[in-house]
Amino acid sequence: MGITNSNKVISAERIGCDGSLKVTLALTAAPDIITNPTDIALILDRSGSMAGTPLASMKTGAKTFIDIISQSTGGQPDGEIGSGSRMGIVSFANTAVQNTQMITSVDDLKTAVDGLTAGGNTNHADAFSQALALFDPSSGNAKVMVMFTDGNTTTGAPPAPVAAAARAQGVIIYCIGLVGSDGLDVDALNDWATDPNDTHVAITPDEAELEELFAELAANISKTGATNIEINEVVTSDFVITSVLNPTVGSAAMLSSTSLRWTIPELGVSAPESALLEFFIRHVGTDPGTKLVNESITYTDDEGNVAVFPEPMVAVECDVVICAEECPDPVELTLEGCADSMEVDMGDVYLSSLGSILELSVTIKQVCPRKRVALAVILTEVGKNGAEYQRGMKTMTVPAHNFSRCRDILVKCIRFVLPEDLDVSCCGTPCKCDPRKFKVRFLANTIDTDFRCCDSVVTL
């Protein structure tokens, strides 16, 4: 299964026309054992040839194996194998013994391993028989045997038929071999194990490598969640990406103003794991309405997992914009190459008036549907002694809008011409380039009204 959850959420359901959002991508992966509970019989050789360092190394490796399985199954902090999986210990020499049943207690499993002592011959057939007896035939859990041995069979029945019978019942068999003082029949281990041998049999001549072999086998049984993950996100043209935070796992980078890439080397390899990426987007479109946030999002990994992300939508509410006077058309230019400077002929510009031009914008709050508004703008200039001088007044009618509820109206491009010869910042005499102070007053009233005083008729 690998990827167990993929999600995408946004921080708000509604934003303004120039508003911003936080987008969160979330991904969870887990070893396959999480979704496929497994019963594991750990079969450990305690024959006489294991005495000393080999037995100590085997115990360390076996306990590492137990820890990794516990972690991979989301075990509890008190040391339990979780998600419905269980493990049992079988040890063998002249005969085999079930040191535990199928249990979940990590402490009990480790205690059973620590209690093993070496001595006697090697009976592989009885070891397979006792391990097979640990499994509950009525259980729906997957069944796995891990056989560790350091030598050849020296007593008991031939083990190959017993191992074959276990495989016929759906048991997956792994073998770890330590080349001991009496040698090791590698062909026998290949015969006992589930095919292919490359992934089910591991051999070492050095007991110091046992812990690593047990750890690798535990990871193999757990199965990797996902590796070399790549997620490519592209937002719609109504938005731009303004910033990308560092993800909790992996790294992320903007590829353009509308795209980013998130890469994760591995996720959920040895235990359930989640990763989050947060980034911010801003609306740059001009039209209101319900907008899709992402144009596309793709996911790949080395395991071929599939991750499907939701497609969140946000309601964009744009203010109504009115231009009181016609705004000049912009002239576009493109700076190309790596030049430090450029020269551009922008054509002719004609003087509209003599002096400075003051351009104002104002937002009229909460204008209700189908109501025209009368707007007046009064501009005065403040002299050095605080006296006010009239500089102009403009009146206009703001058209009604047809939205379903009251909206803010942005009125732009309200222009006043300020001739230099009227500058009063220097005691009533013109002073070129000195600061000039002004006061602006706005008067706004609804023209259309539903108010009725009485039904009388007045004739003028």
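Modeller: In α7, the buried residues are L210, L213, F214, A215, L217, A218, I221 and S222, where buried means under 20% relative accessible area, exposed means over 50%, and partly exposed covers what lies in between, with a 1.4 Å probe and protein chains only. This is a predicted model, in which local features need pLDDT of at least 70 and side-chain atom pairs count only at pLDDT 80 or more, while totals for chains, interfaces and linings use all residues. Residues are numbered from 1 along each chain as its sequence is written, and side-chain values use heavy atoms, with hydrogens and water left out.

The helix itself covers residues 210-222, which gives it 13 residues, and from its first C-alpha to its last it reaches 18 Å, close to the 18 Å expected at 1.5 Å a residue; the expected span is 1.5 Å times one less than the number of residues. Helices (H or I, at least four residues) and strands (E, at least two) are DSSP runs, numbered from the N terminus. In an α-helix there are 3.6 residues a turn, so residues three or four places apart point the same way. The buried residues of α7 are covered by elements that include β4 (38-45), α1 (53-72), β7 (142-149), β8 (172-178) and β9 (201-204). Just after α7, K223 takes a positive phi of about 70°.

A pair of rings is described by the distance of the centres and the angle of the planes. Rings of Phe, Tyr and Trp (its six-membered ring) pair if their centres lie within 6.5 Å, and planes under 30 degrees apart count as stacked, over 60 as edge-to-face and the rest as tilted. The structure holds 3 aromatic pairs. Among them, F65 and F214 are edge-to-face, at 6.3 Å centre to centre with 80° between the planes. This pair links distant parts of the chain, with F65 in helix α1 and F214 in helix α7, 149 residues apart, and both F65 and F214 are buried. The pair of F128 and W192 is edge-to-face because the ring centres are 5.5 Å apart and the planes stand at 80°. Here too distant parts of the chain are linked, F128 lying in helix α3 (residues 124-134) and W192 in helix α5 (residues 186-192), 64 residues apart. F128 is buried, with a relative accessible area of 1%, and W192 is buried at 3%. Ring pairs also link F65, F148 and F214 into a cluster.

K8 counts as buried because its relative accessible area is 3%. Its side chain makes a polar contact with the side chain of E233 at 2.5 Å, and another polar contact, of 3.2 Å, joins the side chains of K8 and N294. A polar contact is a pair of N or O atoms within 3.5 Å; within protein, one must be able to donate a hydrogen and the other to accept it, and residues adjacent in sequence count only if both atoms are side-chain atoms. Leaving aside neighbours within four places in sequence, K8 is in contact (heavy atoms within 4.5 Å) with residues including V23, L25, V293 and F309.

The sulfur atoms come next. There is 1 disulfide, a pair of cysteine sulfur atoms within 2.5 Å, and it joins C368 to C406 with S to S at 2.1 Å. With 80° about the S-S bond, this link of C368 and C406 is right-handed. It connects distant parts of the chain, C368 in the loop between β19 (356-367) and β20 (373-382) and C406 in the loop between β21 (388-398) and β22 (407-418), 38 residues apart. C368 is partly exposed, with a relative accessible area of 32%.

Another cysteine, C318, is found in the loop between β17 (313-317) and β18 (320-323) and is buried at 5%. Not counting residues up to four places away in sequence, C318 touches C17, H283, T286, D287, P288 and R407. R407 in turn lies over the face of F403, at 4.1 Å from the ring centre, and K394 lies over the face of F416 at 5.3 Å; the rule asks for NZ of Lys or CZ of Arg within 6 Å of the ring centre and within 35 degrees of the ring normal.
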